[in-house]
Amino acid sequence: MGFDSNAADRPTKPSRIGARHGQAILLFVGMMINYFQRVNISAAIVPMTQSTAGAPYYDWDLAEKSLILSSFFWGYVLSQVPSGLLAKRFGAKYVITLATAVGGILCFFHPLAAEGGWIDICVLRVLTGLVQGSVYPCVHTLLSKWVPRTERGFLTTGIYSGAQFGTAVILVSSGDIFESSMGWPGLFYISGGLSLAWALLFLWQGANEPATSRSISKIEREYIESLTGSNNSGQSLPVPWMSIFTSSAFYGLLAAHCGFTWGFYTLLTEMPTYMSKVLKLNVKSNALLSSLPYFAMGVLCFVVSPISDLLINRGSITVTTARKLFNSIGQWVPMGCLIGLGYMTADEKTGAIVLLTLAVGINAACFCGYLVNHMDLSPNFAGPMMGVTNGLAGVTSIVAPLVVGGILTDEEDPTQWRVVFFITGGIYLLCNALFVLLGKATVQPWNDPPSVSSTTTLRNNLQLDSRTKAPMDRKDDRF
């Protein structure tokens, strides 16, 4: 009865298509293009080290290729926390725009760096990782301002699915690019040009928050601001590092993020090599089939996220239960697929490709798990928290290719790949178990200034992690 008496204070939901959707589309495209910068080396490493007509190639051994593939993350992990703080201080729009533009310029220099040797290409990948490290903290900072909690699963997952579509597009198109007159250098030139174009577009049309948007209606602005949980003075709030680092929920989130990153990037960096050496696929077939799991993951993002939001908004399950359920689907089902993949051979191409597609595609459920959990715990500090967890998880992105390089003395030996897949499955098992045990999805007391913490956190906890309905009529449960 108490909640119903406040029905008049509930925000009015605006029309379905609004400024928040325009921002979401811009960020979706931005994620795609930033993943072009990130993934192009994984696709290009095969033709860069094979003799193909009209394109240079290099005699890099397995250890050198592993260093090239992991070097991106050396810079990536260093810039995570500083990027989150810069986004909070100066506005995420400007940080991500500058980073994307600089990354695009660096793409143009990859072919030249390769001519200088594998060390030069490693240096360039470190610099690319340094600027790319700002992407996730900036996007999370923007999402904490733009996405109402009742639409958090769908919009957040939709935006981040751009990473999967970007990966798929770069992989599926790479075969044709490699066989064109441009050769493999064309992949880097195209990535650079698109990056610069998006940076200019987002500088023109992007906005740090609803209050600074030129195209938003008053109804939509009030609706978003009332349902984000992000304090308008958030940019001036000091980050409560001590509270964050003593929170068990934070460590559950960190474990889930590390598990996802290890698995995702192990497959991302090694799948083209596995398909080429074990499944014996040619460059063009390799490119097409390597992209299939990421198309599947991108599509499944738009399947699981509405289900997650619907279950939460109808009060069927709590937010905490939803986050743990979907993260478990996203890590434990792929674990089973990788165990099966370890026993596949070149004679079982179809089965291997199906398992690879499922192992990557079902990862989409994690986007309704750990990936939105930063905003569940602290809308005001989602960006800095993402900087920390993504930075520490990024260390696994450095270690994973090096572990693979240490295991694979013969890239054509399926039994050595079995060890790689079993290790990845074990990490999925352990990390998600920690998330299930420690994870939460309620706004933490340290999200707000001390003067408003007790009342605001109590209200948010009641709304966010109870079986009561979200602040909208049942007919509006759908996004």
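This section describes the nonpolar cores, the cysteines, a nonpolar surface patch and the salt bridges of a predicted model.

The largest nonpolar core of the predicted structure comprises 116 residues, and within this core Tyr136 and Tyr274 have the most contacts. Helix H1, spanning residues 19-48, supplies the largest share of the core, with 15 residues. Apart from this core lies another of seven residues, including Ala19, Ile216, Ile224 and Leu227.

The surroundings of Tyr136 were examined in more detail. When residues up to four places away in sequence are not counted, Tyr136 touches Met31, Tyr35 and Arg38, together with Tyr76, Tyr160 and Ala163. Leu371, Met386 and Asn390 complete the set of residues that Tyr136 contacts under this criterion.

Cysteines were considered next. A disulfide is a covalent bond between the sulfur atoms of two cysteines. A search of the whole structure returned zero disulfides. Cys107 has a relative accessible area of 0% and is therefore classed as buried. Cys337 is likewise buried, because its relative accessible area is 9%, and the limit for this class is under 20%.

The largest share of the patch, four residues, comes from helix H18, which covers residues 414-438. Leu430 is located in helix H18. Because its relative accessibility is 54%, Leu430 counts as exposed, the threshold for that class being over 50%.

Six salt bridges are present in the structure. In one of them, the side chains of Glu151 and Arg20 meet at an N to O distance of 3.0 Å. This pair links distant parts of the chain, with Glu151 placed in the loop between helix H7 (135-146) and helix H8 (152-179) and Arg20 placed in helix H1, 131 residues apart. Glu151 counts as buried because its relative accessibility is 1%. Arg20, with a relative accessible area of 2%, is buried as well.

Arg20 also meets Glu220 in a salt bridge, with an N to O distance of 2.9 Å between the side chains.

Asp376 is buried, with a relative accessible area of 1%. Through shared partners, salt bridges join Arg20, Glu151 and Glu220 into one network.

Notes: Residues numbered from 1 in each chain as written. Predicted model: local features only at pLDDT ≥ 70, side-chain atom pairs only at ≥ 80, totals over all residues. Heavy atoms only, no water. Core = buried A, V, L, I, M, F, W, Y, C linked by side-chain atoms within 4.5 Å. Buried < 20%, exposed > 50% of the residue type's maximum accessible area, 1.4 Å probe, protein only. Helix = DSSP H or I, 4+ residues; strand = E, 2+ residues; numbered from the N terminus. Contact = heavy atoms within 4.5 Å. Disulfide = S-S within 2.5 Å. Salt bridge = Lys/Arg side-chain N within 4 Å of Asp/Glu carboxyl O.
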